[in-house]
Amino acid sequence: MGPSNVMSYYYKASSSFEQEDITMSTLVTRNRFMVLSRLASHYKGPISAAIHVNDDETKELVLQELEEMVATNPDVRKFVDIHLILDNFDRQFNMWRNVAKLFARTDYVMMLDVDFHLCTDFRQRIRTNPEIMDKLRSGRAAFVVPAFEFTVQDDGLNSTTFPASKEALIKEVDSGKLDMFHKSWLRGHGSTNYARWYPSQEIYQVDTYDFSYEPYIIYKKNGTPWCDERFIGYGANKAACLYEIYLSGVDYWVLPEDFLIHQTHKYLEEARRKERQYNRKLYSNFREEICLRYSRMFYSSGEWDTDRASNLKGECEKIRGFRSTMHASTL
């Protein structure tokens, strides 16, 4: 879809960031300006925000609201790079994700939905852990921060009341106040293996992958795949992005002490239903395409029999006809 007018660094953060810092890479629309402002004051680190504004009669008012948000919060001015996307195409989520990632100024990014509250200081924990940093530098590892939500949605409105330690979180899980994010759609976050996470004190690798898995990950910016921009609207857009990253040879590891909690907001349910129907079919075709594309790449590069192709083999062999197709193509 296009054309889109992308204005990088429409507002540029005044801070200079260390190269090995972690940028929150996120996308924002008009109704989330204040959520972005709170994130800046809470994280106090690099943020790359792709902000979509409709190019219509509301544009000037929205830009004025954006300017006021920037002007009234010194943390936004200090830490947030804002990249403006001006067009009339709503919910191009993967295109927006790519813009935020492209203009991030650090080596590592976190693919974050702005509605999630960062409950723990995983940034400091990661940057002071040699094992984790070595894995990130390799470009072959991404780190999952487990996501939670309140079982009573009204309890998720005020992030100042959220637990700030794993011990406090588990107490609220045990009491029934909190649970894994979107428990009703287990495929979305089940591969994190929450039963394993609760007692865990060490990082562990995701070993049961589901193509609908859509965790929040920290990973290396350069050398990792971009999100496929054919996915427009709700449904499968982030899962497709994460699936391609995984098949490219990036292993997912779960951080044992850190977590996010969703801040409650309303969804556009009618739009979500219609767009999910379309994207479900697109994703089915996309998975076959990605399997064949990366298989060909690994064969051509001589990496088919290396560890880098392990994720692809494990996932793509679940697709009917993949094994026979690969066998026939390599005879």
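Mentor: Before we start, buried means under 20% relative accessible area, exposed over 50%, and partly exposed in between (1.4 Å probe, protein chains only). This is a predicted model, where local features need pLDDT of at least 70 and side-chain atom pairs count only at pLDDT 80 or more, while totals for chains, interfaces and linings use all residues. Residues are numbered from 1 along each chain as its sequence is written, and side-chain values use heavy atoms, with hydrogens and water left out.

Trainee: Okay, Q92 then: is it buried or exposed?

Mentor: Q92 sits in the loop between β4 and α4 (93-102); helices (H or I, at least four residues) and strands (E, at least two) are DSSP runs numbered from the N terminus. Its relative accessible area is 3%, so Q92 counts as buried.

Trainee: Which side chain does the side chain of Q92 make a polar contact with?

Mentor: A polar contact is a pair of N or O atoms within 3.5 Å; within protein, one must be able to donate a hydrogen and the other to accept it, and residues adjacent in sequence count only if both atoms are side-chain atoms. At 3.4 Å, the partner of the Q92 side chain is the side chain of D87.

Trainee: And which residue stands opposite D87?

Mentor: Strands β3 (residues 47-54) and β4 (residues 80-87) run parallel, joined by eight bridges; two strands pair if DSSP finds at least two bridges between them. Facing D87 of β4 is N54.

Trainee: Which strands stand at the edges of the sheet of nine?

Mentor: The open, mixed sheet goes β1-β4-β3-β2-β5-β11-β7-β12-β10. An edge strand has a single partner, so one side of it has no neighbour in the sheet, and that holds for β1 (5-11) and β10 (204-205).

Trainee: What angle does helix α6 make with β7?

Mentor: Helix α6 (residues 130-138) packs on that sheet, touching β5, β7, β11 and β12, with contact meaning heavy atoms within 4.5 Å. Axes are lines fitted to C-alpha atoms, for helices over the stretch in contact, and angles run from 0 to 180 degrees between N-to-C directions. For α6 and β7 (141-145) that gives about 125°.

Trainee: Which residues of β5 point the other way from Y108 and M110?

Mentor: In a regular strand the side chains alternate between the two faces of the sheet. In β5, Y108 and M110 share one direction, and all four residues are buried, the other two being V109 and M111.

Trainee: Which residue in β11 stands opposite M110?

Mentor: β5 and β11 run antiparallel, with three bridges joining them. M110 stands across from I218.
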